[in-house]
Amino acid sequence: MFISTKSPKGNIFLEACMGVVQNNRVRRFAFELKMQDKSGYVLAADSESEMDDWINTLNKILKQPTLSAAMQDKRNGDLHDDDDQAKSDHSSSSMDSFQSARDIESKMRNETRLKLFTLDPDLQKLDFSGIEPDVKPFEEKFGKRILVNCNDLSFNLQSCVAENERRVQLTNVTLLLNEEGPTTNTFVMWLLPPSGAQNSTAAPDSPQAAHPTASSLTDSAIQFPRQGVFSVTCPHPDVFLVARIEKVLQGGIAHCAEPYMKNSDSAKAAQKVLKSAKMACSRLGQYRMPFAWAARPLFKDASGTVDKSARFSALYRQDGNKLSNEDVFRLLADFRKPEKMAKLPVILGNLDVTVDNVAPDLTNCVTASYLPLHQTEVVDRSRVVFEVEEFVPSIAKYSQPFTIYNNHLYVYPRHLKYDSQKSFTKARNIALCLEFRDSDEEDAVPLKCIYGRPGGPLFCKKAFAAVLHHQQNPEFYEEFKIELPAQLTDRHHLLFTLYHISCDSNSKASTKRREQVETQVGYAWLPLLKDGRVIMNEQQVAVAANLPSGYLSYQDNSSKQHTGQEVKWVDGGRPLLKVSTQLVSTVYTQDQHLHNFFHHCQSIASTGLSEGELIKYLKSLHAMEAHVMVKFLPTILNQLFRVLTISSQDDVAVNVSRVMIHVVAQCHEEGLEHHLRSYVKYVLKAETNLTNGKTVHEELAKAMTTILKPSTDFLTSNKLLKYSWYFFEVLVKSMAQYLIETGKAKMSRSQRFSASFYHSVETLVTMLMPHITQKYKDNLDATRNANHSLAVFIKHCFTFMDRGFIFKQINNYINCFMPGDTKTLYEFKFEFLKVVCNHEHYVPLNLPMPFGKGRIQRFQDLQLDYSLTDEFCKNHFLVGLLLREVGGGLQEFRDIRQIAVQVLKNLMIKHAFDDRYSSKGQQARLATLYLPLFSLLLENVHRLNIKEASPVTNQINVNGRDDHVMMTPTKNVASPVDSSLQKEVFGVISGTVSPHTPTVSSVRHTDSRASLISTDSGNGLSERSIDKPLPLDKRESFTRRHSASMLRFFTDSEETSLSARLKRQTMDFSLLSTPTEQHTHPTQCHIAGVLGSSLLRCDQNGPI
């Protein structure tokens, strides 16, 4: 049968059902419920056995004698209510039947009755502030991800050439963002068959020297990349996919490209080109030259819609004078202008590249560091996918905290000016070779940490840039990717070696000249560190003719400073080589201020330097770049908390807090608040300094108190108020970790923390009060956030600290609000109470306390026990405080009354739907907490039918608050209706019924009274609010006479129309009394049956 687990869609009353029979005329496995009015309900089951079970079960229910007799007696009693007394001999049996029917009907209704609060229209949109936001751990996030698959590269000239004799070797595919530089690093792909790597003769340590073997399955699988995953954080239509096509060095670009530009099928021409290519591959196989380029747009619009239908443009011949990024940008600017693109020389060929979205279940993928994300199950090289590293814009909102280890350095040689050098007779076909070394000794060897090219090993010791034929001032577009070591020293540097490549293969030349391919024509070196930081700017480097031992000690203009003859500078030591670098590292920061701070902290930890300059470096952190701050956010915050506990100076702790306020404010302004929440929940590890015993929570509380003093910078204090949630969350987590690490979680709450920390918390709360109550007019958002954050902090402190101390802080904070406050302050107060009362153990904080004196017999006892007395507030602090504040709020304006009643109603709804207290006995025990609410309502019954009086005047007192002078209602003489109403209510409560007070063990999640309202903290604090009854003559906020307004508020028109009508107030006390005995009068039984299962119900009806 189709049974919904949600709320029922309708009801079928079985008392009117005559029987259940099978009915297959409608559908298979159907059965019909025949009713007395000759109607029927047809239901269907999923199988025949299930249908039989339903029919048998329903028939058994209908044939039960108790139910059938009771229903029949009930119907008979209803039909013969007006009969005379002639049938008095049957009256006794009829009464018994009627009583039985009433009992069964009452029981059935109680079992199926919905809770009253389900009818509340605001139930679905309740905002329980105690529910924490959904916080996720740090995770690696990407922009728009695109899968690029390079299928094939073909030329018209190759139609008559064998597949394994292709001359075009490699294809570099770079994702370029027009006018802003490359957005990703270069993705180099191998478009030849694996056997094509054997067509060239490679020198040792060159990219083509090694070949995949069966023993290195992983390496061989990623040596021939064809698929790459690109990520674009800022997609827009001007993002282009640019392909650079290279070939083996053979000569000039125009000369080598000429055969490919002719539309000729001559076999003779093809064989001539093939013969020349074979000779070049055998002699110059490790050197490459630019050949062609192509481009295509990537996105259709700024929303990131991938343009799958677009194809690569024609293959344009590469111009040797237009290789820089700026030249590429100028070409792309004219890409959509056919009249300009038609002027470019075209090579006849086709580049087949498909672009698609990345599937969520992408497999066989490796990162930019060659770390596999999913194990490669199939030994198919074409299926391995490479992630291409994105150069995210240096903007805070696009940045994210580092989540994986990354330490890459990208090196870009830009330009070499060698036309004026006189040191070498021939330096035209210049090849640039890069090495990464950690020493400048004569026998030093390069480190094997440069990422290799396709077809070769994964890492190599040196790499070559493309060679331009007969160019003395060559431009380079090469990108070298280096895996940096985790610890850099002053000896790590880049070494550039310049070679002249002899392309002359004339048979008339001498044998020695033909064999000599490369000739060294210069050296240049670039140290990686400058002042302890990795060099990032574009550098102009001088070139030396020789490379002596210890060359790092010589500067560019060393000819003026050194008299030695070891270094011979080319062109007088002028900077001839231009080089730029790009650092993508989670180890080394690019910001000078942050680097200085980290370096100084490391010096203090290793060498024990003084903390004199630490404040200077802390203040300089206010100037660090926002995007760098976001990337190193967890590391920065961890180091700040470490400095907070190791320092012995109070000024250091205050400056640490100021920097932290700056960092938190920056994250909020950039919309990156979720990073802070993730840090607090998943990363923060507050450590206790074992040397001086300082803890994060105590030092931070002291620093916050200092910043909140009136003499400090008001801008900083306002930011602390606005973003106080972060600091209170840190306090709470530090307290929890401290208890776990020290093992004090098992100790009594009064002994867990030191007296100094209790004093710091109390001072912090006291210092925060005037900021909230006085600054709300000038800085509403900041004070509102501070009020809410303080409430959440107080609520969490119930778990860790002495609860009597926490009650005292709540009492002190509420006392700072006065009668007649503005609406904003009332909102603050009830928001604070709402958050605190939403504690998960709110009920144990108020119970157990068997309040009441057994069966209530006298009216005086009833009035005493059901009133909001000092004794009640002492024993039930939170609920007593809430009811008193609600009573005070009911005397204010309509908006304030609504706020007060809304908080109380939401709390009752929370009780009604709390699964921990779902039984009727537990709900009844919860209801006893709100017994004083009856007193508030009954004392103000006369206000239910009186139109609300508006305040007479609004006066501004000397302290700047709006004190609303309300009309004081006079004591009215109870009307006959009021008297009868009170007698009826009290009769239901007292009479023969006593409040139902189950034993303490029947309520779950309870706690002992000593642990709830402990007074012996043992920490030398001042008196607690729970030590003695709250003195009504000293606490003005608790000395109000509560005159409650109507719980339902009408508009002016509704009040006018209802002013002449008598409104009846119906209250449900069924949960406050024990079940009636069997001999109770039927009328009383009926009254108890019709009352609902809610805590309190106030309805406005018409005249009785």
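Glu698 touches Ser754, Ser756, Phe757 and Ser760, leaving aside residues up to four places away in sequence, where a contact means heavy atoms within 4.5 Å. This is a predicted model, in which local features need pLDDT of at least 70 and side-chain atom pairs count only at pLDDT 80 or more, while totals for chains, interfaces and linings use all residues. Residues are numbered from 1 along each chain as its sequence is written, and side-chain values use heavy atoms, with hydrogens and water left out.

Glu698 belongs to helix α17 (residues 696-707), a helix being a DSSP run of H or I of at least four residues, numbered from the N terminus. Glu698 counts as buried because its relative accessibility is 12%, and buried means under 20% relative accessible area (1.4 Å probe, protein chains only).

The whole structure holds 0 disulfides, a disulfide being a pair of cysteine sulfur atoms within 2.5 Å. The table gives two cysteines.

| Cysteine | Closest cysteine sulfur | Sulfur distance |
|---|---|---|
| Cys256 | Cys503 | 8.8 Å, too far for a bond |
| Cys460 | Cys449 | 9.0 Å, too far for a bond |

Cys256 is buried at 7% relative accessibility, and Cys460 is buried at 2%.

Notes: Helix = DSSP H or I, 4+ residues; strand = E, 2+ residues; numbered from the N terminus. Buried < 20%, exposed > 50% of the residue type's maximum accessible area, 1.4 Å probe, protein only.
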